[in-house]
Amino acid sequence: MRLFFALWPAPRTAGALHDWAMRASRESGGRVTHAETIHLTLAFLGEVAAERLPAAIEAARRVKGATHTLPIEQARYWKHNRIVWAGPNETPAPLAALAAELKACLLKAGFELEARAFAAHVTLIRNAREPRAALPELPRVDWPVGEFVLVRSVLSREGSSYEPIERCALSAGGRPRAR
Ligand code: 2AM
């Protein structure tokens with residue numbers, strides 16, 4: 001099965017991003033991500049044997065991340081993969097820590113991950129062309145992050161569909177730092 005870990009926004013956040021993407025697609029064309037499938041990937045596992053699923057869940061449960069707010073402040077076009085994405089100007093420290101700890105737990109559990117660094121981005125339009133004019137201004141979006149999700153991605157001719165497998169709650173203080 002094809003697995004990845006992600007932050008999944010509440011409908012209000014997803015709706016605001018989707019509405020913006022619909023307007024932005026006037027400049028870029030392409031396929032706008034449905035509101036229900038908008039997400040921010042934390043770690044991409046790719047194809048994993050079904051019997052390894054419990055190990056992925058166990059690794060995720062070891063992660064003690066902190067709840068935080070993720071501001072979506074910039075939108076850009078990436079030529080190399082033809083997407084329009086939105087994300088924070090700088091990755092919030094609790095999000096960077098969450099992605100790093102998750103990666104460490106997955107590696108320890110024997111999963112293979114891509115070497116490339118974590119880049120906090122939300123893909124909002126795929127198969128986009130370079131926007132002809134400036135993208136519309138983003139609405140103010142402060143995404144409340146209270147959990148992360150292990151997701152199964154099922155590819156079909158209509159695109160990917162996503163099935164949440166396990167939700168892992170973050171806590172207000174995260175893990176108390178060792179002194
Ligand atoms: P993207 O949004 O930038 O395309 C599910 O495929 C999610 O995992 C997508 O959000 C995708 O990012 C991300 N992802 C990261 N690495 C990937 C890879 N090598 N192949 C496919 N998707 C990947």
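A polar contact is a pair of N or O atoms within 3.5 Å; within protein, one must be able to donate a hydrogen and the other to accept it, and residues adjacent in sequence count only if both atoms are side-chain atoms. The model is predicted: local features need pLDDT of at least 70, side-chain atom pairs count only at pLDDT 80 or more, and totals for chains, interfaces and linings use all residues. Residues are numbered from 1 along each chain as its sequence is written, and side-chain values use heavy atoms, with hydrogens and water left out.

**Exercise 1.** Find which side chains have a polar atom 2.8 Å, 2.6 Å or 2.7 Å from a ligand atom.

Solution. 
- Step 1: Take the nitrogen atoms of the ligand. A polar side-chain atom of Glu 114 is 2.6 Å from a nitrogen, and one of Arg 116 is 2.8 Å from a nitrogen.
- Step 2: Thr 41 places a polar side-chain atom 2.7 Å from an oxygen of the ligand.
- Step 3: Consider the area (Shrake-Rupley method, 1.4 Å probe). The ligand taken alone exposes 470 Å², and the protein buries 75% of that.

**Exercise 2.** Describe the shell of residues around the ligand.

Solution. 
- Step 1: List the residues near the ligand, that is, with a heavy atom within 4 Å of it. Among them are Arg 2, Phe 4, His 39, Phe 44, His 121 and Arg 126.
- Step 2: Sort the shell by type. Two residues are nonpolar, four are polar and four are charged.
- Step 3: Assign elements, where strands are DSSP runs (E, at least two residues) numbered from the N terminus. Strands S1 (2–7), S3 (40–47) and S7 (122–126) each give two or more residues to the shell.

**Exercise 3.** Work out how S9 is paired with S10 and with S1.

Solution. 
- Step 1: Recall that two strands pair if DSSP finds at least two bridges between them.
- Step 2: Ten bridges join S9 (residues 147–156) to the antiparallel S10 (residues 159–169). The two form a hairpin with two residues between them.
- Step 3: Name partners. Leu 155 is bridged to Ser 160, and Arg 152 to Glu 163.
- Step 4: Turn to S1, which pairs with S9 in the antiparallel sense over five bridges. Here Arg 2 stands opposite Ser 153. Arg 2 is also one of the residues around the ligand.

Terms used: A residue is near a molecule or strand if one of its heavy atoms lies within 4 Å of it. Helices (H or I, at least four residues) and strands (E, at least two) are DSSP runs, numbered from the N terminus. Ala, Val, Leu, Ile, Met, Phe, Trp, Tyr, Cys and Pro count as nonpolar, Asp, Glu, Lys and Arg as charged, and the others, Gly among them, as polar.
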